[in-house]
Amino acid sequence: FENLRPFERIEVSGRYLGDRQVLIDNIVRDGAVGYYVITPFRLSANAPLLLVNRGWTRKIGNDPADDIDIDSSGAVIRGLADKLPQVGIRPGEAFANSTGWPRIAVYPSLQEVAEQLETELQPTVLLLDADEPNGFLRSWQPNVSGPMTHYSYALQWFAMATAVFALLAWHLYKRRRKHDAEAEYIRSTAARNDRGCVFRAAGRCSLDVLHGLLRAGQNDQSWR
């Protein structure tokens with residue numbers, strides 16, 4: 001099982017352990033909320049258990065146990081190799097407030113399921129074929145994310161970062177232009193004020209000289 005590729009076909013024989021099933025909650029299909037039914041499958045007495053995803057079932061009420069019962073006699077089952085469903089950010093613990101069987105979980109990891117079952121698990125999960133019995137709604141789609149998907153995400157983030165940088169640069173440029181315009185206005189205003197002061201001072205000086213000459217002329221006439 002360690003060397004299986006995603007969605008590689010597998011066939012195994014053994015028996016279901018219907019008394020210790022896990023329901024993965026908050027799985028949405030066509031606008032309806034439901035569960036993935038995860039049932040352990042014993043391959044042999046000493047082998048780790050294999051988890052089988054038997055498909056999606058609608059969430060009706062609070063007790064789905066009657067809808068997921070399964071015969072524990074021997075069986076040969078076929079399906080695709082994959083893993084448990086995952087989510088980017090999980091809201092809280094996987095098995096919060098879940099006791100008894102079946103246990104309801106929110107996007108548990110393989111290790112978390114193993115801890116609940118208190119046993120070792122195979123490193124892959126079998127997605128039960130659509131034509132196999134004892135299953136629910138099954139429409140398995142491979143995860144197509146690969147190098148090109150990662151490159152696409154990187155390109156999107158680069159474009160966003162470039163746009164933000166361009167907006168920031170334009171904002172700083174506008175602020176600099178406004179600051180330079182205000183500084184130039186202050187300098188021109190100050191220069192005009194300085195020239196006005198010089199002209200006024202020169203005018204007062206000329207009037208003082210004229211008055212002095214007039215007074216000198218009057219004094220000269222009085223002496224005569």
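This is a predicted model: local features need pLDDT of at least 70, side-chain atom pairs count only at pLDDT 80 or more; totals for chains, interfaces and linings use all residues.
Residues are numbered from 1 along each chain as its sequence is written, and side-chain values use heavy atoms, leaving out hydrogens and water.

The protein chain has two helices and seven strands (DSSP runs, H or I of at least four residues for helices, E of at least two for strands, numbered from the N terminus). Along the sequence they run β-β-β-β-β-β-α-β-α. Of the 224 residues, 29% are buried, meaning under 20% relative accessible area with a 1.4 Å probe, protein chains only.

Now, which residues of helix H1 (residues 110-117) are buried? They are Glu112, Val113, Ala114 and Leu117. The buried residues of H1 pack against strands E2 (22-29), E3 (32-42), E4 (49-58) and E7 (121-128). Just after H1, glutamate 118 has a positive phi of about 55 degrees.

That brings us to the cores, each a set of buried Ala, Val, Leu, Ile, Met, Phe, Trp, Tyr and Cys residues joined through side-chain atoms within 4.5 Å. The largest has 25 residues, and those with the most contacts inside it are Tyr36, Ile38, Leu51, Leu84, Val113 and Leu121. E2, E3, E4, H1 and E7 each supply at least two residues of this core. A second, separate core of 11 residues includes Tyr16, Leu50, Ala81 and Leu126.

Finally, leaving aside neighbours within four places in sequence, leucine 84 has contacts (heavy atoms within 4.5 Å) with partners including Ile24, Pro108, Leu110 and Val125.

Technical notes:
Buried means under 20% relative accessible area, exposed over 50%, partly exposed in between (1.4 Å probe, protein chains only).
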